[in-house]
Amino acid sequence: MAAAPGPAKKGGLPPRLIEGYEVFLSGRFRSAQARFRALAEEGQKPTTMVICCCDSRVDPESIFDAGPGELFVLRNVAALVPPYEPDDHFHGASAALEYALMALEVQHVVVLGHGQCGGVKAYAMIAADPETPRLSHSDFVGDWIKMLAPAAERLGQAPDPEDKDYLHRLEFESIKQTLVNLRSFPMVQVLEHRGYLRLHGAFFSVSNGKLLALDEQSGDFLPIAEKAHADAFLEARF
């Protein structure tokens with residue numbers, strides 16, 4: 001059990017967030033006040049939606065050096081989107097997708113997976129041993145990651161949470177599965193067919209900062225900006 005949180009400062013927020021906000025005010029906000037004012041008055045007009053994991057190690061705004069108003073971001077466990085299901089249940093991911101496409105008219109949707117994904121490993125653990133202890137009796141995570149079943153089936157081997165290579169391949173396959181699920185939405189089908197929308201798959205390696213993009217024709221994930229990545233590591237050694 002984690003230690004109890006310390007006392008909150010005035011304002012009721014964790015001290016680290018208050019300190020960060022103060023840095024934001026003296027830095028980024030001060031230099032971009034006009035940008036924030038324009039966003040408030042004119043609204044947001046991002047051209048790209050990023051669907052990524054809620055893992056704290058993966059920050060799409062930092063990875064893509066995006067400023068305020070540039071990315072419309074949906075975060076959830078394992079960067080998943082359920083298939084199109086028009087019923088009376090709650091559909092947070094589908095609602096965010098609908099708003100991005102129909103209200104904001106984004107032109108690109110990027111599914112951004114990442115290495116060492118806890119959601120992917122949790123799926124492998126439960127699939128390998130259905131008696132695996134759940135985080136709570138509600139098992140929201142367990143129910144959510146059932147969406148990875150088709151991705152796991154395509155790998156053609158029994159799930160193994162101790163096999164790093166298996167988990168890595170399942171991380172890749174989960175990105176492809178989310179693209180499959182996205183294309184089950186009629187609005188995605190229409191917009192993509194008419195050329196108004198492009199879907200992309202990408203993978204971020206937490207350990208070394210490498211970014212890969214999915215080539216859907218070959219099914220391979222190919223490195224992006226290889227020279228810039230190599231230069232960054234070269235500079236880090238000096």
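This is a predicted model: local features need pLDDT of at least 70, side-chain atom pairs count only at pLDDT 80 or more; totals for chains, interfaces and linings use all residues.
**Glu 173 contacts.** Leaving aside residues up to four places away in sequence, I find Glu 173 touching Ala 151, Arg 154 and Leu 155. I placed Glu 173 in helix α9, which runs over residues 164–182. Is Glu 173 buried or exposed? The relative accessible area comes out at 12%, so I put Glu 173 down as buried.

**Cysteines.** Next I went looking for disulfides and counted zero. Cys 117 is in no disulfide either, with the sulfur of Cys 53 as its nearest cysteine sulfur at 4.3 Å. The cut-off I used is 2.5 Å between sulfurs. I also looked up burial for both residues: Cys 52 is buried at 0% relative accessible area, and Cys 117 counts as buried at 4%.

**Largest pocket.** Then I turned to the pockets. How much space lies in the largest pocket? I get about 360 Å³. I count 22 residues in its lining, and those nearest the centre are His 108, Val 110, Leu 199, His 200 and Gly 201. I noted which strands contribute: β1 (48–53), β3 (108–114), β4 (198–204) and β5 (211–215) each give at least two lining residues. Sorting the lining by class, I have 12 nonpolar, five polar and five charged residues.

Note on methods
Residues are numbered from 1 along each chain as its sequence is written. Side-chain values use heavy atoms; hydrogens and water are left out. Helices (H or I, at least four residues) and strands (E, at least two) are DSSP runs, numbered from the N terminus. Buried means under 20% relative accessible area, exposed over 50%, partly exposed in between (1.4 Å probe, protein chains only). Contact means heavy atoms within 4.5 Å. On a 1 Å grid over the protein atoms alone, a cavity is a set of points where a 1.4 Å probe fits but cannot get out, and a pocket is an open set with protein on both sides within 12 Å along at least five of seven lines; lining residues have an atom within 4 Å of a point. Grid points are joined across faces, edges and corners, and a volume is the space filled by probe spheres set on the points. Ala, Val, Leu, Ile, Met, Phe, Trp, Tyr, Cys and Pro count as nonpolar, Asp, Glu, Lys and Arg as charged, and the others, Gly among them, as polar.
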